[in-house]
Amino acid sequence: MAVFTAVTLDDLTQWMDQFPLGQPLALKGIASGIENSNFFLTTERGEYVLTVFENLGFEQLPFYLQLMRHLAERGIPVPAPVANARGELVAALQGKPAAIVSKLDGSSQMDPQPVHCFEVGTMLARMHLAAHDFPLAQPNLRGLDWWQATAPRVLPFLAPENARLLQDEIAYQSDFAGTDSYAGLARGPVHADLFRNNVMFVGERLSGCFDFYFAGVDTWLFDLAVTVNDWCIDLETGKLDGPRVRALLDAYAAVRPFTRDEASAWQPMLRAAALRFWLSRLYDLHVPRAAEMLTPHDPTHFERILRDRIANPAPGLANHE
Ligand SMILES: Nc1ncnc2c1ncn2[C@@H]1O[C@H](COP(=O)(O)OP(=O)(O)OP(=O)(O)O)[C@@H](O)[C@H]1O
Ligand SMILES: N[C@@H](CCO)C(=O)O
């Protein structure tokens with residue numbers, strides 16, 4: 001059960017006065033998700049999602065919520081945060097930061113076909129372009145600095161061959177981040193966690209994406225690699241599926257063509273994106289937080305993906321300028 005903070009309809013009656021949403025009518029905890037307490041909230045004005053943030057502070061949240069507002073205003077299908085009477089998107093609830101956002105239609109597509117990957121590629125490229133003039137800046141907090149700081153904390157728990165893989169890959173990625181080709185990559189605010197469970201579909205139409213709480217400024221290519229490593233793989237083996245990769249990349253490139261630097265950085269970036277989630281899953285498994293109540297995600301899934309991306313070249317990026 002992923003509701004860490006208990007909230008009842010009674011708790012909300014007064015709290016909701018600050019929002020222009022009328023009275024709360026129904027509240028239902030959402031079981032999935034491992035980061036925050038989420039509730040479907042029905043008010044006199046409609047359907048919303050209430051999130052109580054368990055790990056994020058009042059300092060970081062404006063970046064995520066303002067980014068969602070910025071994207072929603074530009075027609076990207078993301079939850080629109082609702083401001084309170086003081087114009088704030090974050091308000092304290094039971095001493096924790098909380099926000100109300102609009103509810104998206106649809107459900108996750110956990111068995112994606114090329115048609116779904118095409119939709120995801122189009123939306124991701126549109127999102128990158130729409131976020132480009134977003135004025136706030138926050139680095140990707142799960143980027144290279146975090147990998148370098150976190151690896152030593154999980155190394156003692158790893159078998160020797162995995163410890164070697166982790167150390168070698170961090171060294172490889174540190175070198176890669178220092179190359180001219182890396183420096184030439186386009187950057188901006190990116191989602192950085194656009195997995196299957198963070199996108200909604202109604203039939204074959206993408207109806208929205210959510211969970212921006214790992215968003216940060218990073219290369220667009222990193223975001224694309226994170227997305228491909230989840231949407232375009234066989235879940236058993238972690239191997240890329242050609243038709244889905246092509247669909248996602250072609251759709252992305254039709255909105256924003258790839259550059260030469262991006263084409264040459266693609267293989268290392270797929271490895272970087274695999275490393276990022278292998279490491280965070282190792283960290284969640286071996287260094288659990290006190291409030292953790294769910295079984296952490298399986299790290300070996302991303303270890304397999306990383307080993308595969310090192311051993312096998314992925315389909316390349318075409319259409320570069
Ligand atoms: N705006 C929204 N509209 C509709 N459903 C939503 C919305 N936001 C969240 N949900 C639902 O709540 C669930 C949990 O949300 P979310 O993934 O953001 O939680 P989390 O705790 O941050 O999870 P994790 O980081 O593990 O993915 C989603 O799977 C989705 O079903
Ligand atoms: N997408 C992450 C979970 C955090 O959102 C993972 O699969 O490890």
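Predicted model: local features only at pLDDT ≥ 70, side-chain atom pairs only at ≥ 80, totals over all residues.

A: Residues are numbered from 1 along each chain as its sequence is written, and chains are lettered from A and ligands numbered from 1 in the order in which they are written.

The pair consists of helix α9 (residues 260–286) and helix α10 (residues 299–311), whose axes come within 8 Å and cross at roughly 155°. Helices here are DSSP runs of H or I with at least four residues, numbered from the N terminus. Axes are lines fitted to C-alpha atoms over the stretch in contact, with angles from 0 to 180 degrees between N-to-C directions. The crossing therefore makes α9 roughly antiparallel to α10, a term for angles over 145 degrees. The crossing of α9 and α10 is also left-handed, meaning that the near helix is turned anticlockwise from the far one by less than a right angle.

On the α9 side, the contact is made by Leu 270, Arg 271, Ala 274, Leu 275, Phe 277, Trp 278, Arg 281, Leu 282 and Leu 285. Helix α10 contributes Pro 299, Phe 302, Glu 303, Ile 305, Leu 306, Arg 309 and Ile 310. Contact requires C-beta atoms, placed from the backbone, to lie within 7 Å. By type, the contact residues of α9 and α10 comprise 12 nonpolar, no polar and 4 charged; Ala, Val, Leu, Ile, Met, Phe, Trp, Tyr, Cys and Pro count as nonpolar, Asp, Glu, Lys and Arg as charged, and the others, Gly among them, as polar.

Elsewhere, Gln 138 is found in the loop between α3 and α4 (144–154). The C-alpha atoms of Gln 138 and Val 217, 79 residues apart along the chain, are separated by 5.9 Å.

Technical notes:
Helix = DSSP H or I, 4+ residues; strand = E, 2+ residues; numbered from the N terminus. Parallel < 35°, antiparallel > 145°, perpendicular 65-115°, else oblique. Contact = placed C-beta atoms within 7 Å.
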